[in-house]
Amino acid sequence: MKIIAVIVTYNRLDLLKKCINAVHAQSQLPDEIIVINNGSTDKTEEWLLSQPLILYSQKNIGGAGGFAYGINMAYKHGADWIWVMDDDTIPEKDALKELVYALNEVNPDREKVGFLSSRVLWKDGNEHEINKTYKLYDQKKLSKLTLKQSDKYPFIQFGTFVSMLLSAKAVAEVGLPIKDFFIWSDDVEFSKRIIHYGLAGLAVDKSVVVHETPINHISSVFKDTPAQLWKYNYGLRNELYTKRLHDGELQFWVTWVHRMFIMPFRIAINRKDNKWAFTKVVWKTSLNALGFRPVIERVEKI
């Protein structure tokens with residue numbers, strides 16, 4: 001079983017060094033490490049060239065584009081399983097070993113698994129709010145899965161690219177993450193697509209990583225600063241597209257109407273400042289979502 005780690009980086013050299021050093025220190029090592037340098041303008045490229053890994057450099061096409069490219073490269077390198085993470089992910093020493101142990105425990109049915117997600121903590125040891133896993137209760141989605149449920153490795157609704165062990169079979173069947181997302185929700189949409197196909201997503205709590213983001217709270221138009229507005233230009237649109245793709249037209253339109261006519265009032269009541277800037281981005285992204293039809297690219301099957 002060949003495992004390839006894929007790390008996407010952009011201008012965070014200090015964190016990238018911690019990430020890669022932690023991958024090299026794993027009690028079970030991946031067979032290869034692929035790093036996608038997404039157009040970094042600091043000294044990332046120079047440092048990476050001195051490391052024992054496979055480097056691909058490209059212009060910055062966002063985290064979504066970086067992960068799509070990296071997963072495609074790992075597939076071409078013959079990976080059976082692809083360990084995906086952002087450059088601010090610091091895995092504890094047994095993180096990969098526990099993911100593989102879980103895979104072996106569900107054998108001979110591991111072909112029915114699409115991905116496994118680590119437990120993600122913040123720097124203070126608390127659960128990371130953005131990367132929490134949620135058990136899957138939707139009977140319609142559960143009915144598509146052929147793997148037997150277990151309390152030890154519960155089925156989850158989606159995973160994130162903060163330590164996801166991804167099946168190459170899933171990549172071959174459902175395609176790559178949508179690079180046109182650029183940033184935000186690419187991992188959620190992608191993992192939901194895998195589950196929709198009938199391959200399970202499992203939570204593996206004994207596999208632990210630390211996500212070293214500056215803050216630990218779920219993104220919110222009611223609390224975030226204007227510095228985050230550029231991400232909302234992609235994120236809100238991507239959320240609506242994901243809802244349309246996975247929950248249907250009715251849920252898409254219910255959410256769309258809420259954003260256009262109700263959310264501005266909520267922003268006016270709950271935000272202390274920059275109310276107009278956040279209202280405009282909600283309206284703009286809702287309108288953009290109407291015609292957003294990104295292409296899902298496929299790998300050339302081996």
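This is a predicted model: local features need pLDDT of at least 70, side-chain atom pairs count only at pLDDT 80 or more; totals for chains, interfaces and linings use all residues.
Buried here means under 20% relative accessible area, exposed means over 50%, and partly exposed is what falls in between, using a 1.4 Å probe and protein chains only. Residues are numbered from 1 along each chain as its sequence is written, and side-chain values use heavy atoms, with hydrogens and water left out. Helices (H or I, at least four residues) and strands (E, at least two) are DSSP runs, numbered from the N terminus.

**The sheet**

- Eight strands make up an open sheet with mixed pairing, in the order β3-β2-β1-β4-β7-β6-β8-β5. Two strands count as paired if DSSP finds at least two bridges between them.
- At the edges sit β3 (54-58) and β5, each of which pairs on one side only.
- On average, neighbouring strands of this sheet are turned by 30 degrees against each other, direction ignored.
- As background, strands of a sheet pair through backbone hydrogen bonds, either parallel or antiparallel.
- β4 pairs with β1 in the parallel sense over six bridges, and I82 is the bridge partner of I4.
- β4 also pairs with β7, this time in the antiparallel sense over five bridges; here M85 has V162 as its bridge partner.
- Five of the six residues of β4 are buried, so the strand is largely enclosed by the rest of the structure.
- β5 and β8 run antiparallel and are joined by three bridges, with T89 standing opposite H211 in β8.

**Helices against the sheet**

- Helix α1 (residues 13-24) packs on the sheet and touches β1, β2 (32-38), β4 and β5. Contact means heavy atoms within 4.5 Å.
- The direction of α1 makes about 25 degrees with that of β5. Axes are lines fitted to C-alpha atoms, for helices over the stretch in contact, and angles run from 0 to 180 degrees between N-to-C directions.
- Helix α7 (residues 186-197) packs on the sheet too, touching β6, β7 and β8, and its direction makes about 140 degrees with that of β6.

- Helix α3 (residues 62-76) has 15 residues and spans 21 Å from its first C-alpha to its last, close to the 21 Å expected at 1.5 Å a residue. The expected span is 1.5 Å times one less than the number of residues.
- Twelve of the 15 residues of α3 are buried, so this helix is largely enclosed by the rest of the structure.
- Just after α3 comes G78, with a positive phi of about 85 degrees.
- Helix α4 (residues 95-106) has twelve residues and reaches 17 Å from first C-alpha to last, close to the 16 Å expected.
- The buried residues in α4 are A95, L96, E98, L99, V100, A102, L103 and V106.
- Their cover includes β1 (3-9), β4 (81-86), β5 (89-91), β6 (113-121), β7 (162-167) and β8 (200-211).

**Helix α8 and its partners**

- Helix α8 (residues 229-247) and helix α10 (residues 275-290) pack at an angle of about 40 degrees, with their axes 9 Å apart.
- That makes α8 oblique to α10. Angles under 35 degrees count as roughly parallel, over 145 as roughly antiparallel, 65 to 115 as roughly perpendicular and the rest as oblique.
- The α8 residues that meet α10 include L229, Y232 and N233, while F278, V281 and V282 are among those on the α10 side.
- The axes of α8 and helix α9 (residues 249-270) come within 6 Å and cross at roughly 150 degrees, and the two helices are therefore roughly antiparallel to each other.
- Between α8 and α9, the meeting residues include E239, K243 and D247 from α8 and F252, W253 and W256 from α9.

**The loop between β6 and α5**

- D124 lies in the loop between β6 and α5 (139-142) and is partly exposed, with a relative accessible area of 45%.
- D124 and V210 are 86 residues apart in sequence and 9.2 Å apart in space, C-alpha to C-alpha.
- K132 lies in the loop between β6 and α5 and is partly exposed, with a relative accessible area of 30%.
- Not counting residues up to four places away in sequence, K132 touches E127 and F158.
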